[in-house]
Amino acid sequence: MTTTLSELQEWVDSVAARTQPDNIHWCDGGEAENQSLIEAMCESGVLSPLNQEKFPDCYLHLSDPSDVARVEHLTFVCTSNQDDAGPNNNWMAPADAHEKIDALFDGAMKGRTMYVIPYCMGPIKSPYARLGVEITDSPYVVVNMRLMTRMGADALKRIEKEGVFVKGLHSTGDLDPERRFIMHFPEELSIKSIGSGYGGNALLGKKCHALRIASYQARTEGWLAEHMLIVGIENPHGEVHYVACAFPSACGKTNLAMLIPPESHKGWRIWTLGDDIAWLHKDEGGKLRAINPEAGYFGVVPGTNEKTNKNAYDMIHGETIFTNVATTEDNEPWWEDKKTGEPSTDWQGRDYDPESGPAAHPNSRFTVSATRNKSYSLLADAPEGVPISAIVFGGRRKELAPLVYEAKDWNHGVLVGASVASETTAANIGEVGVVRRDPMAMKPFCGYNFADYWSHWLTFADNERRLPRIFHVNWFRQDNDGKFLWPGFGENLRVLRWIMERCEDRAEARETPIGFLPKPSDIDTSGLDIADETMDALLSVNVEQWREEMDSVGEYLESYGDRLPEILRQEHAAIVENLKKAG
Ligand code: OXD
Ligand code: MN
């Protein structure tokens with residue numbers, strides 16, 4: 001296969017000239033191609049089949065132990081002007097970045113096959129979808145991209161027709177962290193990534209394209225590319241609200257997107273549209289509509305069990321690629337909190353020894369097609385997307401942030417999103433459990449200056465009435481002994497219910513200095529074993545702590561200097577003033 005699009009053909013030729021692969025393979029995305037890649041990888045040891053009786057068509061990949069997560073310190077946004085990348089990104093001048101990384105690509109594919117992967121982010125017929133081509137020397141990337149995107153012949157047809165596509169070049173290189181870089185050139189719609197085979201660094205359609213490049217592109221085109229799950233919540237009358245939620249990595253987006261309503265909520269249903277990324281466009285009537293650019297899930301495995309996420313647990317019992325999990329004696333995948341079985345071999349292929357740490361890597365992952373999810377919404381394929389009723393921000397905070405609150409209006413909601421902070425997780429290489437600012441859960445993913453990004457969000461306020469309402473949730477409050485105050489998981493539906501009812505003007509709320517909060521009685525806790533004092537604690541605003549928080553938010557926002565939108569400064573000042581008045 002080749003292509004009629006000369007720009008694409010010339011780029012592929014020039015990459016081949018530099019990287020010198022033995023072969024070039026254009027991916028058609030078909031079943032036969034997939035099978036032959038899987039067989040070849042099983043032969044070379046890149047994959048190994050898991051217990052095919054209990055986990056049909058499931059495979060295990062064990063990565064290099066140094067290559068198990070995203071690498072924010074090696075990820076760069078290379079705009080001509082450094083201020084356009086902003087203090088939120090590592091920056092390198094485009095010419096310097098190309099020179100540095102091209103030198104690493106020289107001859108990098110010798111002895112390997114170069115795969116050309118045409119893909120479409122979003123439903124193939126959607127006007128909101130965008131296109132890309134990833135060149136890689138990793139067959140593991142090819143089979144993962146096939147699960148995560150609409151990949152192959154149809155995508156290529158659309159690329160040839162439209163002529164505009166993101167160019168992503170990837171090689172696993174020699175996996176040396178010293179020669180690992182993930183570079184983004186938003187002005188050129190291109191990505192170059194070398195030295196890692198890990199999902200977020202190597203499946204370029206995901207974080208690199210659908211968030212970093214797309215967020216940049218979205219600003220110029222008037223839409224939003226966000227780190228958000230999309231979920232439909234159907235009440236017993238059959239009415240569905242779609243909600244988009246931005247939580248940082250490994251904070252439960254996949255669980256919420258597939259939530260199973262608790263016993264107390266008979267007749268409620270949850271529909272998954274996406275678990276990680278949402279592209280939001282205003283439609284002609286001014287309503288915000290969302291598509292999920294992805295077609296599969298690249299989810300954190302540990303903690304997944306029948307109770308926390310039965311849909312995911314069932315879904316990953318077939319046609320799934322597991323990366324860096326442990327295995328049992330009879331070759332089933334195993335992970336911490338699976339609640340069944342025992343590990344025999346750990347994620348590094350060694351005999352399991354509890355002294356050497358967890359059996360599965362804390363950031364071990366499953367890759368699986370969305371169609372295997374029992375709560376998958378058919379509207380995930382709808383070209384026009386779904387209308388969004390509410391946007392929900394959240395983070396992992398032991399204290400301070402209440403279970404839920406609502407912003408006063410869109411502009412205040414932008415401040416709420418910009419103020420998100422969360423404890424770091426194993427999804428990035430680095431310290432875990434440190435609270436850091438993670439505005440809109442986009443700290444690692446915004447492809448341009450956050451100050452300009454907030455300005456862009458603020459431009460949406462002109463048609464407030466049609467826009468989603470904005471909320472903030474925190475499922476992770478703890479008491480002094482480190483015990484979680486809120487049961488979480490399926491019970492989070494109780495909070496989503498209040499959010500939906502607020503959107504319909506049916507639920508009560510009380511005004512506080514930080515926004516609208518439910519009274520404890522406004523959240524249905526029937527059937528839950530939760531003390532009144534706990535609900536009080538979850539739904540109170542500690543004015544003293546919030547003053548400190550707003551001081552810290554103020555300092556953070558000011559670090560963006562002159563580019564910080566004045567409206568955000570005013571929104572911040574208004575909350576500070578409210579807190580002052582509150583005594
Ligand atoms: C992810 C992440 O993999 O956010 O989704 O790291
Ligand atoms: Mn994510």
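1. In this predicted model, about 3200 Å² is buried between domain 1 and domain 2, and carbon and sulfur atoms give 52% of that area. Buried area here is the accessible area (1.4 Å probe) that two parts lose on being put together, summed over both. Arg 70, Asn 88 and Tyr 128 supply 24% of the area that domain 1 buries against domain 2, more than any other three residues.

2. The protein chain is divided into domain 1 (6–46 + 70–222), domain 2 (226–294 + 379–582) and domain 3 (296–372); the bounds come from an automatic or database domain assignment. Between the C-alpha centres of domain 1 and domain 2 the distance is 31 Å. In terms of contact (heavy atoms within 4.5 Å), 38 residues of domain 1 meet 37 residues of domain 2.

3. Polar and charged pairs also link domain 1 and domain 2. There are 25 residue pairs in polar contact, both residues at pLDDT 80 or more. A polar contact is a pair of N or O atoms within 3.5 Å; within protein, one must be able to donate a hydrogen and the other to accept it, and residues adjacent in sequence count only if both atoms are side-chain atoms. Six salt bridges are counted between domain 1 and domain 2, a salt bridge being a side-chain nitrogen of Lys or Arg within 4 Å of a carboxyl oxygen of Asp or Glu. Arg 150 and Asp 381 form a salt bridge through their side chains, at 2.7 Å from N to O.

4. On the side of domain 1 that touches domain 2, the elements giving two or more residues are helix H3 (82–85), strand E6 (113–121) and helix H8 (205–221). H8 gives the most, with eleven residues. Helices (H or I, at least four residues) and strands (E, at least two) are DSSP runs, numbered from the N terminus. By type, the residues of this side are 18 nonpolar, nine polar and eleven charged. Ala, Val, Leu, Ile, Met, Phe, Trp, Tyr, Cys and Pro count as nonpolar, Asp, Glu, Lys and Arg as charged, and the others, Gly among them, as polar.

5. Helix H5 (residues 139–148) is largely enclosed by the rest of the structure, because eight of its ten residues are buried. The buried residues of H5 are Tyr 140, Val 141, Val 142, Val 143, Asn 144, Met 145, Leu 147 and Met 148. Buried means under 20% relative accessible area, exposed over 50%, and partly exposed in between (1.4 Å probe, protein chains only).

6. The whole structure holds 50 salt bridges. One of them joins the side chains of Glu 332 and Lys 338 at 4.0 Å, N to O, and both Glu 332 and Lys 338 are buried. Another pairs Asp 346 with Arg 350 at 2.9 Å, N to O. Asp 346 counts as buried at 3% relative accessibility, whereas Arg 350, at 36%, counts as partly exposed.

7. A further salt bridge pairs the side chains of Arg 497 and Asp 524 (3.0 Å, N to O). This pair links distant parts of the chain, 27 residues apart: Arg 497 lies in helix H13 (residues 493–503) and Asp 524 in the loop between strand E29 (515–517) and helix H14 (532–538). Arg 497 counts as partly exposed at 22% relative accessibility, as does Asp 524 at 27%. Salt bridges that share partners also join Lys 206, Lys 207, Lys 253, Asp 276 and Glu 294 into one network.

8. On conventions, residues are numbered from 1 along each chain as its sequence is written, and chains are lettered from A and ligands numbered from 1 in the order in which they are written. Local features need pLDDT of at least 70, side-chain atom pairs count only at pLDDT 80 or more, and totals for chains, interfaces and linings use all residues, while side-chain values use heavy atoms, with hydrogens and water left out.
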